[in-house]
Amino acid sequence: MNGGFLVLLLAMFGFMYFLLIRPQRQQQRKHTELLSSLKPGDEVVTAGGIYGEVVQLDAERVMLEIDEDVRIAVARRSIASIIPPEELERLDAESAEPPTAEEPMTAEERDAARS
């Protein structure tokens, strides 16, 4: 009975290893490779959703330019991904024509429209 329990315990550990631990380690390895390949000029997005261009790097921090003359320092480990150039072109094309909303009506204008 103890031998069967031990085999079941080892099988569960093996299952958990391949289901949870191994994929997480692979993801962590890819993220580490991404962070080591960062260079000035790369367009990145942070874990908080901030898009910017890498201006300066150091061991723990990355200086991002998020707009003209607007720079912020973020933790290097908070960089989520590098944006490929095709995605940048798509984002630039979308931001060229910002959507406009209609001016909201005042209470008087709504009353006049109902009459």
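Trainee: Hi! Where is the place of Leu9?
Mentor: Leu9 is in helix H1, which covers residues 2–36. Helices (H or I, at least four residues) and strands (E, at least two) are DSSP runs, numbered from the N terminus.

Trainee: Is Leu9 buried, exposed or partly exposed?
Mentor: Leu9 is partly exposed, because its relative accessible area is 41% (buried is under 20%, exposed over 50%, with a 1.4 Å probe and protein chains only).

Trainee: Before I go on, what kind of model is this?
Mentor: A predicted one, where local features need pLDDT of at least 70, side-chain atom pairs count only at pLDDT 80 or more, and totals for chains, interfaces and linings use all residues. Residues are numbered from 1 along each chain as written, and side-chain values use heavy atoms, leaving out hydrogens and water.

Trainee: How many bridges link S3 and S4?
Mentor: Six, in the antiparallel sense, with S3 spanning residues 61–67. Within that pairing, Glu65 has Arg71 of S4 as its bridge partner.

Trainee: What happens in the turn of that hairpin?
Mentor: Two residues lie between S3 and S4, and Asp69 takes a positive phi near 60° there.

Trainee: How many residues separate S2 and S3, then?
Mentor: Three, and those two strands form a hairpin as well. S2 (residues 51–57) pairs with S3 over four bridges, again antiparallel.

Trainee: Which residue of S3 stands opposite Gln56?
Mentor: That would be Met63.

Trainee: Last topic: what is the average pLDDT?
Mentor: The protein averages 87, and 94% of the residues score at least 70. pLDDT is the predictor's confidence in each residue, from 0 to 100.

Trainee: Which elements have the lowest and highest means?
Mentor: Helix H2 (residues 85–96) has the lowest mean pLDDT, at 73, while S4 has the highest, at 95. As a rule, where pLDDT is low, the predicted coordinates should not be read in detail.

Key. Two strands pair if DSSP finds at least two bridges between them.
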